[in-house]
Amino acid sequence: MIKEADLPDVIPVFPLPGALLLPRARLPLHLFEPRYLAMMEDALKTPGRLIGMVQPNKVPGRAGHGLHAIGCAGRITQFSETEDGRYMITLAGICRFRVTEEVEGFTPYRRVKASWTGFERDLGPEEEDTAFDRAKFLGTLEQYFDARDLETDWDSLKEADDELLINSLSMLLGFEPEDKQALLEAPSLSTRRETLITLLEYSLRGGGDQEMVQ
């Protein structure tokens, strides 16, 4: 198990709107821009093979995008190269981090100084949600899927562990980037579940027009 002391002070980051990675979850990514191909190749040379996923954040009066304060680092656990030089990779979520500052340098990709303090729980065992009313939650989720003519394997959802169910839906459902950020920053599994329910209910009231991310 990775310890906080093993996590680096500086990590490369992939600012990708709407892409959410959570601890102990897996995120498939398709890399094709030269700067991100270089980022992956450099990450593979490090002991942790870490890449930080972080939401871009528009800063008034500044050209380009800033970064949200909190992201999640993932370890490259799988990768394959296509014939035309693109990479399909899988990141396994390790731990959230706080961006303390962006590092200037000669890499074509962005890097940040990362503080891991306050996210020690991410490095522990799977979380449980003791107040989780699964039947009520699945009822709300079914309404959401029906309203958007979406299909899923309900048997698998019913059998999934609390953390896998809540985190997978948080990552896969097509909420707005700011909503994804709120799910990322939830301090515990129970607060993430509460946030997820709020987003589902808001959408059912006509507050959004999300689709499932494929």
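Mentor: Contact here means heavy atoms within 4.5 Å. Keep in mind that this is a predicted model.

Trainee: Which residues is Leu 183 in contact with, leaving aside its neighbours within four places in sequence?
Mentor: Start with the place of Leu 183: helix α5, residues 177–185. Then set aside neighbours within four places in sequence. The contacts of Leu 183 are then Leu 20, Leu 22, Ser 170, Phe 175, Arg 192, Thr 195, Leu 196 and Leu 199.

Trainee: Is Leu 183 buried or exposed?
Mentor: Buried means under 20% relative accessible area. Leu 183 has 0% relative accessibility, so Leu 183 counts as buried.

Trainee: Is Lys 58 buried or exposed?
Mentor: Lys 58 sits in strand β4, residues 56–58. The cut-off for exposed is over 50%. Lys 58 has a relative accessible area of 52%, so Lys 58 is exposed.

Trainee: How many Å apart in space are Lys 58 and Ser 170, C-alpha to C-alpha?
Mentor: In sequence, Lys 58 and Ser 170 are 112 residues apart. In space, C-alpha to C-alpha, the value is 23 Å.

Trainee: Which elements give two or more residues to the lining of the second largest pocket?
Mentor: This pocket has a volume of about 260 Å³. Of its 18 lining residues, Pro 8, Val 10, Thr 46, Arg 49 and Leu 50 are the closest to its centre. The elements giving two or more residues to the lining are β1 (10–15) and α1 (34–44).

Trainee: How many residues of that lining are charged?
Mentor: Divide the lining of the second largest pocket by class. Eleven residues are nonpolar and two are polar. The charged residues number five.

Technical notes
Residues numbered from 1 in each chain as written. Predicted model: local features only at pLDDT ≥ 70, side-chain atom pairs only at ≥ 80, totals over all residues. Heavy atoms only, no water. 1 Å grid on protein atoms, 1.4 Å probe; cavity = no way out; pocket = protein on both sides within 12 Å on 5 of 7 lines; lining within 4 Å. Points joined across faces, edges and corners; volume = space filled by probe spheres on them. Helix = DSSP H or I, 4+ residues; strand = E, 2+ residues; numbered from the N terminus. Nonpolar A, V, L, I, M, F, W, Y, C, P; charged D, E, K, R; others polar. Buried < 20%, exposed > 50% of the residue type's maximum accessible area, 1.4 Å probe, protein only.
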